[in-house]
Amino acid sequence: MTTKYTGKEFEGLKNQAEGGGTLAKVGLFVFFIFTRAIHPTIIDASKSVNEDTGKKYFEYGKMTVVLGETVVTIIVAQLMALAAGMPVWRSIWAPKPMKVFS
């Protein structure tokens, strides 16, 4: 049986500063703008041209992108956990918290 949430579970943790510094915020903003600007170009470059009609189309299934993104997300998340150390990486594979989502 799990204990009920009381709101005091994180009482002993230190408060962290709100967000990163100014340089980090500017960097994230520039990265966001860059990805928003380059995204249509990447999408257009991934299309093929039908020789008969001249129209552009995706030569791959729409779910291929979702599957690829999922694989990349899993790999990046595992690397982030490993960068935090083996105890953190092992903690994400603990069976008890996984039961919540099963």
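Buried means under 20% relative accessible area, exposed means over 50%, and partly exposed lies in between, using a 1.4 Å probe and protein chains only. Phe-58 has 35% relative accessibility, so Phe-58 counts as partly exposed. Tyr-60, at 31% relative accessibility, also counts as partly exposed because of this rule.

A note on the source: this is a predicted model, in which local features need pLDDT of at least 70 and side-chain atom pairs count only at pLDDT 80 or more, while totals for chains, interfaces and linings use all residues. Residues are numbered from 1 along each chain as its sequence is written, and side-chain values use heavy atoms, leaving out hydrogens and water.

Now for the helices, which are DSSP runs of H or I with at least four residues, numbered from the N terminus. The expected span is 1.5 Å times one less than the number of residues.

| Helix | Residues | Number of residues | First to last C-alpha | Expected span |
|---|---|---|---|---|
| Helix 1 | 22–45 | 24 residues | 35 Å | 34 Å |
| Helix 2 | 62–83 | 22 residues | 33 Å | 32 Å |

Helix 1 has a kink of about 35° at Ile-38, shortly before the proline Pro-40; this bend is the angle between axes fitted to the seven residues ending there and the seven starting there. After helix 2 comes Gly-85, with a positive phi near 120°.

Within helix 2 sits Gln-78. Its side chain makes a polar contact of 3.4 Å with that of Trp-93; such a contact is a pair of N or O atoms within 3.5 Å, where one must be able to donate a hydrogen and the other to accept it, and residues adjacent in sequence count only if both atoms are side-chain atoms.

Notes: Helix = DSSP H or I, 4+ residues; strand = E, 2+ residues; numbered from the N terminus.
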